Number of protein chains: 2
Amino acid sequence: MPEFIVTPWEVRGKIDYDKLIRDFGVKQINRELLEKLREFSGDLHLFLRRNLFFAHRDLDKILNDYENGKEFFLYTGRGPSGHTHIGHLVPWIFTKWLQDVFNVDLYFQITDDEKYLVKRKNFDEIQGYVKDNLLDIIAVGFDPDKTYIIINTRHISYLYKIAVEIAKRITFSTAKAVFGFEDSSNIGIIFFPALQAAPCFLPCYLKGKKINCLIPAAIDQDPYWRGVAREIAIKLGMPKPAQIHSKFIPGLGKHGKMSSSEPETCIFTTDGEEDVKRKIWNAFTGGASTVKEQREKGGRPEICMVYQYLFYLFEEDDRKIEEIKQKCKNGEILCGECKEYLAKKVVRFLKEHQKRREKAKDKIEDYMIDKIKTAL
Amino acid sequence: MPEFIVTPWEVRGKIDYDKLIRDFGVKQINRELLEKLREFSGDLHLFLRRNLFFAHRDLDKILNDYENGKEFFLYTGRGPSGHTHIGHLVPWIFTKWLQDVFNVDLYFQITDDEKYLVKRKNFDEIQGYVKDNLLDIIAVGFDPDKTYIIINTRHISYLYKIAVEIAKRITFSTAKAVFGFEDSSNIGIIFFPALQAAPCFLPCYLKGKKINCLIPAAIDQDPYWRGVAREIAIKLGMPKPAQIHSKFIPGLGKHGKMSSSEPETCIFTTDGEEDVKRKIWNAFTGGASTVKEQREKGGRPEICMVYQYLFYLFEEDDRKIEEIKQKCKNGEILCGECKEYLAKKVVRFLKEHQKRREKAKDKIEDYMIDKIKTAL
């Protein structure tokens, strides 16, 4: 048994991200690249400072090209199989930051077809999640003039022709090796990788020129780009899509990434104050078993979910997060204090998000790709 | 080696249609069913009288339902991988007859995606054939108010959602067994059976009620309906599509069905008078090797392509065709006479077709499914 598994359909175990970088053949986001990003943005986003977005493919190339006047666009997505939790927001928040810094277009794919094909859910259930998730996506604050949301079953006319060109160049053998398909896989999900790759090239088709593509996403999606989109780009004479990869936001429990299947370990965007407090109160921490012991020996922030959430997501202040860490180790603060501190921050964040989420209800159509009238 | 092979991707050898009926588990169109058809139509179409459309699934059920006021629609199609020849026109001409007799809607699928996926042709070449074939389809004379042409890559928004519902219910194993896919098959063609099945249910989705479907097509397409569409219908709670199957129109050469890959053995819809005369002059006949021998021993209409063309397609008069057969057997007419007779009929037919084909150029959009504005 390997210690951890990271594939597009399974993430399990204690992930060694350095090993993942070597195994996947991606590059670390090093100091030089961070400096380059800072040149464009002024300040680095928290997710870069804290190494949550930690690896990439060809990001350096994209930035060099951009300096030389060559535009790029962003592409990310969402598989609508449940309600949105904070873990889902991470790549979207970062994508919005990139959109603001570089003033670029974003293509956002909602893979309702994929989720219908692989989940024991009917089509209407999936459409319910599409509507729900759309509100969260829009609440993140993307620029409506530069954002094109593609709901696969609704906007298939923008993708299908490109997907067919891609599909002609992928055998079942390849798809099996990359995605673990089996003879019992349904023929819809077997075709799906072509549809997930299609937006990498869509702006090139729409505008009739080669445009670079940058994909911010969690690293489990890497096989799609490595095994399909980048290979196909060469065959189609298109630019290879670049990636910027994030780590996974852990659940509040002891193990694994945040998952809707364990609702008490993840914070949903529609959670109320009491939900947040309860879930954080029950979070797994690095505290000792008694107050006395913790005062004497200190806690272990490196295994504490409350600390992880502050570090990666909610404590912007670099000095403050360092202070929390030291105080915890020295037994100067107890878990209860940290939990209250995090809960306050999360509640504040969610209240703002929920206001924007409410306003999003009137704006959905402004973001849909069919505002462009040219179907392919 | 089997004596003959009939699959959606290969038709070879001397076909024993009685064996095919048993192997495929279809039913013969018997006298009773012909009488039933005559009740609706007054006269039976040549293709029924001469047993060119010879087998069916559930046609009796469709007709009973129709008598009881339950409507049906027709569905047929074309894979645009080359120019149209007379063999292609056969199911279309028969479909038009059915449309006229029963006054029903026709959905006509042009599978440009499929042909792109399986042929060594680029996308633009296939689109060239789409344009070309459309003229022939329209020239057949379908009712524009009741005919909906679907070009897959252009009108995918009408099909994709249904195709995904179908695809979820077909494993790669099943598709492999029915269509002979292999690990080296591309993932586009593996998905394709779901798209070919989708129009069977499209009117049900568009109109929100169960409507019977009747598919006139050559019998090599049967596995699509038997192995996929009819099975899926049960799972989707939709009516099982019915079929009416034709034999293959042979090429003018000694073997096989009419095929664009042997252009001298098939008559294209754009062929001129000289082409027709030359091709028919070179046709394989049942004549003897010398005039003297033929006068003495007679010819063999049962193996003669010129006779086949007259019998199945061009000699409407039942007495006349019987007379030709007898005179041939008795050595009273020679192959040259029959060839001239057939050529005249074919040239006359093509001249009319070509006039309508020319007029079709201004009517294409009247037939496209997007005249219905409701995409699914």
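**Note on a predicted two-chain model**

1. Chain B can be laid on chain A with an RMSD of 0.0 Å, by a turn of 180° and a shift of 0.0 Å along the axis. The superposition is by least squares on the C-alpha atoms of residues with pLDDT of at least 70 in both copies. That is the relation of a two-fold axis. The same surface serves both copies: 100% of the contact residues of chain B recur in chain A. Two residues are in contact if their C-beta atoms, placed from the backbone, lie within 7 Å.

2. Some ground rules. This is a predicted model, in which local features need pLDDT of at least 70, side-chain atom pairs count only at pLDDT 80 or more, and totals for chains, interfaces and linings use all residues. Residues are numbered from 1 along each chain as its sequence is written, while chains are lettered from A and ligands numbered from 1 in the order in which they are written.

3. Now the interface. 28 residues of chain B are in contact with 28 residues of chain A. On the chain B side, helices H6 (112-118), H8 (156-167), H9 (172-179) and H10 (187-197) each supply at least two residues. Helices (H or I, at least four residues) and strands (E, at least two) are DSSP runs, numbered from the N terminus. H8(B) gives the largest share, 7 residues. By class, this side of chain B has 15 nonpolar, 8 polar and 5 charged residues. Ala, Val, Leu, Ile, Met, Phe, Trp, Tyr, Cys and Pro count as nonpolar; Asp, Glu, Lys and Arg count as charged; the others, Gly among them, count as polar.

4. Look next at helix H8 (residues 156-167) of chain A. 12 of its 12 residues are buried, so H8(A) is largely enclosed by the rest of the structure. A residue is buried if 20 or more other C-beta atoms lie within 10 Å of its own, exposed if 12 or fewer, and partly exposed in between; C-beta atoms are placed from the backbone. The buried residues of H8(A) include Lys161(A) and Glu165(A).

5. Chain A has 18 helices and 9 strands. Its radius of gyration is 21 Å, close to the 21 Å that the globule rule gives for 376 residues, so chain A is as compact as a globular protein of that length. The radius is taken over C-alpha atoms, and the rule is 2.2 Å times the number of residues to the power 0.38. Buried residues make up 48% of the 376 residues in chain A.

6. The sheet of chain A is open. Its 7 strands run in the order S3-S4-S9-S8-S5-S6-S7, with mixed pairing. Two strands pair if DSSP finds at least two bridges between them. Strands S3 (27-28) and S7 (147-151) of chain A are the edges, each pairing on one side only. S8 (residues 212-218) and S9 (residues 242-246) of chain A run parallel and are joined by 5 bridges. Pro216(A) stands opposite Ile244(A) in S9(A).

7. In chain B, 5 bridges join strand S5 (residues 72-78) to S6(B), and the two run parallel. Gly77(B) stands opposite Gln109(B) in S6(B). Is Gln109(B) buried or exposed? Gln109(B) is buried, with 24 other C-beta atoms within 10 Å. Leaving aside neighbours within four places in sequence, Gln109(B) is in contact with Gly77(B), Ile150(B), Asn152(B) and Pro199(B).
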